[in-house]
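This report describes the strand arrangement, helix packing and local backbone geometry of one protein model. The sequence and coordinates come next.

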Amino acid sequence: MSLLIALAQASELFKKGYIPMESKQATLHRMVTPEHTCPFGVASLDLLQQTGYQVEDHQLTTRSEVDSFMQAEGVETTPQTYIDGKRIGGHEELVAFLGDK
């Protein structure tokens, strides 16, 4: 197979969404306890995945983990999303960030 044919085939696969040209990475910290799964965390995870991000999903499984995370990061809510090491914020901030892209 010639290089030109291989490139043309790869281009077609990319257009169909089978080959990502760049790997977008995100880190998500969200509450998933036996008593409560945060719906905004679920929505943030879905939104990130739908927009092509590979998500490192950190589930905070106890109230103590949630409180420790929020204190360490200086935030008042979860979920919190980080892209390229930068804190984007909660679900509303994530929606705004992705809308600006």
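Leaving aside its neighbours within four places in sequence, which residues is His-91 in contact with?

## His-91 and its surroundings

The model is a predicted one. Beyond the neighbours within four places in sequence, His-91 is in contact with Phe-40, Ala-43, Ser-44 and Pro-79. With one of these residues, Ser-44, the His-91 side chain also makes a side-chain polar contact of 3.0 Å.

His-91 belongs to helix α4. This helix covers residues 91-99 and lies across β2, β3 and β4, with its direction at about 105° to that of β4.

Four strands form an open sheet in the order β2-β1-β3-β4, and the pairing is mixed. β2 and β4 (86-89) are the edge strands, each pairing on one side only. On average, neighbouring strands of this sheet are turned by 25° against each other, with direction ignored.

Strands in a sheet are paired through backbone hydrogen bonds and may run parallel or antiparallel. In this model β1 and β2 are parallel and are joined by 8 bridges. Gln-25 is placed opposite Gln-54 of β2. Between β1 and β3 the direction is antiparallel, with 4 bridges. Leu-28 stands opposite Thr-81 in β3, and His-29 has Gln-80 of β3 as its bridge partner.

Helix α3 runs over residues 63-73, and its residues Val-66, Phe-69 and Met-70 are buried. Viewed down the axis of α3, the buried residues lie within an arc of 95°, so they line one face of the helix. An α-helix has 3.6 residues a turn, so residues three or four places apart point the same way. On the other side of α3, Gln-71 and Ala-72 are exposed.

What do the buried residues of α3 pack against? Their partners are β1 (24-31), β2 (53-60) and β3 (80-83). The helix as an element packs on the sheet, touching β1, β2 and β3, and its direction makes about 120° with that of β2.

## Backbone geometry in the loops

Most residues other than glycine have a negative phi, and most peptide bonds are trans.

Just after α3, Gly-74 has a positive phi of about 70°. Further along, the peptide bond from Thr-78 to Pro-79 is cis, its omega being near 10°.

The remaining case is Asp-84, in the loop between β3 and β4. Its phi is near 55°, which is a positive value in a residue other than glycine. Is Asp-84 buried or exposed? Its relative accessible area is 73%; the cut-off for exposed is over 50%, so Asp-84 counts as exposed.

Note on methods
Residues numbered from 1 in each chain as written. Predicted model: local features only at pLDDT ≥ 70, side-chain atom pairs only at ≥ 80, totals over all residues. Heavy atoms only, no water. Buried < 20%, exposed > 50% of the residue type's maximum accessible area, 1.4 Å probe, protein only. Helix = DSSP H or I, 4+ residues; strand = E, 2+ residues; numbered from the N terminus. Arc of directions from axis to C-beta. Contact = heavy atoms within 4.5 Å. Pairing = 2+ DSSP bridges. Axes fitted to C-alpha atoms, helices over the stretch in contact; angles between N-to-C directions. Polar contact = N/O pair within 3.5 Å; in protein donor to acceptor, adjacent residues only side chain to side chain.
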